[in-house]
Amino acid sequence: RQLLTGALTASVVGKSALVNEWLNRIARDNYRGAERVYGWSFYSQGTREDRQVSGDEFLAHALKWFGDPDPAQGHPWDKGARLAELIRAQKTLLVLDGLEPLQYPPGEMQGRLKDPGVQALLKELARANPGLCVLTTRIQVEDLAHTLGKSTQRLELENLSPEAGAQLLQSLGVIGTDKELQQACADFGG
């Protein structure tokens, strides 16, 4: 069994923290049969609209980690398709956190992937994948919209109510009155 989750961090509250908690829980269950687990966060590249972002670093690292003999070979689309083949060779849990920097912002192209390598990877995995690929993003991945309900599922997460937030904070050992904990939850937008 091979495992890489070091690229993910739990430093932010929200999608990243949730996916990390989920990974920690399924780790105790031996990753539910996954032979390989690989996680990557794109947040380090930022989410500003004017920033040039690509999946090159991710593709190079993932191709190497999955055993590609020449990670630098080919165009980004070819690299993404090749990575999908390597991922499909074993039951793999792939977690890609914070996809927003690789997506177009609101407008005509909203939600489409800017990076051809990541686009090829995700389209190929949506076509056929014996494992599981988990994406976190605030924006629907339009490149996969035609696969919803077939090979992909979309889960909408809502903010916590002040009451639910207070319960969560209490379960984490935060000390305070119900009113204080509810206010803390409200202050951080649920």
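This report walks through a predicted model of one protein, from its overall layout to a few individual residues.

**Overall layout**

The protein has six helices and four strands. Along the sequence they follow the pattern β-α-β-α-α-β-α-β-α-α. Of the 190 residues in the protein, 36% are buried. Take the contacts between residues at least 6 apart in sequence: 67% of them join residues at least 24 apart. The protein exposes about 11300 Å². Carbon and sulfur atoms supply 51% of that area.

**Confidence**

The mean pLDDT of the protein is 86. A value of 70 or more is reached by 88% of its residues. Among the elements, helix 3 (residues 76–88) has the highest mean pLDDT, 98. Strand 1 (residues 2–4) has the lowest, 42. Over residues 1–12 the pLDDT is below 50. Beyond near neighbours in sequence, this stretch still has 33 contacts in the model.

Helix 2 covers residues 56–65. Its buried residues are Phe58, Leu59, Ala62 and Leu63. Seen down the helix axis, these buried residues fall within an arc of 120 degrees, so they line one face of helix 2. An α-helix has 3.6 residues a turn, so residues three or four places apart point the same way.

What covers the buried residues of helix 2? The cover includes strand 2 (36–41), helix 3, strand 3 (92–97) and helix 4. The face turned away from the buried side carries the exposed residues Glu57 and Lys64. Just after helix 2 comes Gly67, with a positive phi of about 95 degrees.

**A loop with positive phi values**

Most residues other than glycine have a negative phi. Asn30 has a positive phi of about 55 degrees although it is not a glycine. Tyr31 also has a positive phi, near 55 degrees, and is a residue other than glycine. Asn30 lies in the loop between helix 1 (15–27) and strand 2. Tyr31 is placed in the loop between helix 1 and strand 2 as well.

Are these residues buried or partly exposed? Asn30 has 44% relative accessibility, so Asn30 counts as partly exposed. Tyr31 has 12%, so Tyr31 counts as buried.

Gln119 is found in helix 4 (residues 116–127). Its relative accessibility is 16%; the cut-off for buried is under 20%, so Gln119 counts as buried. Which residues does Gln119 touch, leaving aside those up to four places away in sequence? They are Trp77, Leu113 and Asp143.

Leu168 sits in helix 5 (residues 162–171). At 40% relative accessibility, Leu168 counts as partly exposed. Leu168 belongs to a nonpolar patch on the surface, together with Leu160, Leu172 and Val174. The four residues have about 350 Å² of accessible area together.

**Accessibility side by side**

The table gathers the individual residues discussed above.

| Residue | Relative accessibility | Class |
|---|---|---|
| Asn30 | 44% | partly exposed |
| Tyr31 | 12% | buried |
| Gln119 | 16% | buried |
| Leu168 | 40% | partly exposed |

Conventions. Residues numbered from 1 in each chain as written. Predicted model: local features only at pLDDT ≥ 70, side-chain atom pairs only at ≥ 80, totals over all residues. Heavy atoms only, no water. Helix = DSSP H or I, 4+ residues; strand = E, 2+ residues; numbered from the N terminus. Buried < 20%, exposed > 50% of the residue type's maximum accessible area, 1.4 Å probe, protein only. Contact = heavy atoms within 4.5 Å. Patch = residues over 30% accessible without salt bridge, like charges linked within 9 Å, V, L, I, M, F, W, Y side chains within 5 Å. Areas by Shrake-Rupley, 256 points an atom, 1.4 Å probe, with all protein chains shown as cover. Salt bridge = Lys/Arg side-chain N within 4 Å of Asp/Glu carboxyl O. pLDDT = per-residue confidence, 0-100. Arc of directions from axis to C-beta.
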